[in-house]
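Open the model in your viewer and keep the selection tool ready. The tour goes from one stop to the next, with a note on what to select at each.

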Amino acid sequence: MNRYSRQILFSGIGAEGQQRLRDAKVVIIGCGALGTAQAEALARAGVGHLRIVDRDFVEASNLQRQTMFTEQDAADRFPKVIAAANHINELNSEITVEPEILDVNHSNVERLVKDCDLVLDGTDNFATRYLINDACVKHHVSWIYGAAVGSYGVSMTIRPNETACLRCIFEEAPPAASAPTCDTAGVIMPIISVVAAVQVSEALKLLTGHVDQLHNSLMQFDVWNNEWRKIKAGGPLAECATCGVRQFQTLEPVASEFAAVLCGRNAVQISPTVPAKINFTQLAERLGAAGEVKFNDYLLRFQAGEYELTIFQDARSIIRGTNEITTARSLYAKYIGN
Ligand SMILES: [Zn+2]
């Protein structure tokens, strides 16, 4: 246990807490900036089993903030979870890492979360967070929400039946294209470190049985504008569709089937489940930094490298340059955001 001696000395953990970490199974959904920071911290802390889920490959533009990846991973275009598993095996060979190259959706999210002690949010979109929320509330698994864009970040710890869930706080996902994403507004490394640190601290408290130490709030941080806010999150709402009424809407195939391959066109159509009315002027301003944008009253066209995104006013989008739903969803989450 020598490698954990400093952590065992810490009174909040101790030898018993260390053993609990060793016995724990944690799922990290999304292996980008937040996910790699969480995975590295939990691996070093000695969490015995880590399942890491992501649909993407490592790219050069990830290296500024996704701390586990190297230039070689980007050159090899390794799946993020494989690159992460390789690096974790080098930094702690005593633990088990289970990489899953997957687009998380209604058909697999329950399998991913139901046999574990805790889920950490490392995703970049609300659609996946509502899936995690539904699956975790349904199977009584705690999860820790986290998000960062620009210099702003947010986190909340959700314990089904004990605390408010994501839907208690935000009844619906924000409409598509209503908020900046890391691919339109950028993101700086320090806010990732802050959000991941808060998520990992909460994880250590939960896994070692110190629920009395949890922050019980929606924490908001802006490391550029120097604002730190803590809004009390409260308990579960009886009228909440997810944790009160127990209707797990996103786990139904119909509600989540919003992507379709357009046969013979090398294109995929994405239709958001939440209706939206997009302001093209604002969206064009945000996307302008990331590529070429043209729009008229009816649609906006955006060139992202080899892909062309056509976005309609109701937020439906046709993504040309791929037949892969996973790639299309990923591009939608990156540039349009929902
Ligand atoms: Zn709720």
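How are helix 3 and helix 10 oriented to each other? Before selecting them, note that this is a predicted model, in which local features need pLDDT of at least 70 and side-chain atom pairs count only at pLDDT 80 or more, while totals for chains, interfaces and linings use all residues. Residues are numbered from 1 along each chain as its sequence is written, and side-chain values use heavy atoms, with hydrogens and water left out.

**Stop 1: two helices**

Select residues 33-45, which are helix 3, and residues 189-207, which are helix 10. Helices here are DSSP runs of H or I with at least four residues, strands are runs of E with at least two, and both are numbered from the N terminus. The two axes come within 9 Å and cross at roughly 40°. Axes are lines fitted to C-alpha atoms, for helices over the stretch in contact, and angles run from 0 to 180 degrees between N-to-C directions. Helix 3 and helix 10 are therefore oblique to each other; angles under 35 degrees count as roughly parallel, over 145 as roughly antiparallel, 65 to 115 as roughly perpendicular and the rest as oblique.

Now show the side chains at the contact (heavy atoms within 4.5 Å). Helix 3 contributes Ala33, Leu34, Ala37, Gln38, Ala41, Leu42 and Ala45. From helix 10 come Ile192, Val195, Ala196, Gln199, Val200, Ala203 and Leu204.

**Stop 2: the zinc ion**

Next, select the zinc ion together with Cys165, Cys168, Cys240 and Cys243, whose SG atoms are its protein donors at 2.2 to 2.3 Å. Donors are N, O and S atoms within 2.8 Å of the metal (3.2 Å for Na, K and Ca); water is not among the atoms, so sites may look incomplete. Along the chain, the donors follow the spacing C-x2-C-x71-C-x2-C. Cysteine 165, in the loop between strand 6 (152-158) and helix 8 (166-169), and cysteine 240, in the loop between strand 8 (227-232) and helix 11 (253-256), are 75 residues apart and link distant parts of the chain.

Are these two cysteines buried or exposed? Cysteine 165 is buried at 1% relative accessibility, and cysteine 240 is buried at 5%. Buried means under 20% relative accessible area, exposed over 50%, and partly exposed in between (1.4 Å probe, protein chains only).

**Stop 3: two asparagines**

Select asparagine 161, in the loop between strand 6 and helix 8. Its phi is positive, near 75°, and the residue is partly exposed at 43%. Finish at asparagine 226, in the loop between strand 7 (217-222) and strand 8. Asparagine 226 has a positive phi of about 60° although it is not a glycine, and is exposed at 58%.
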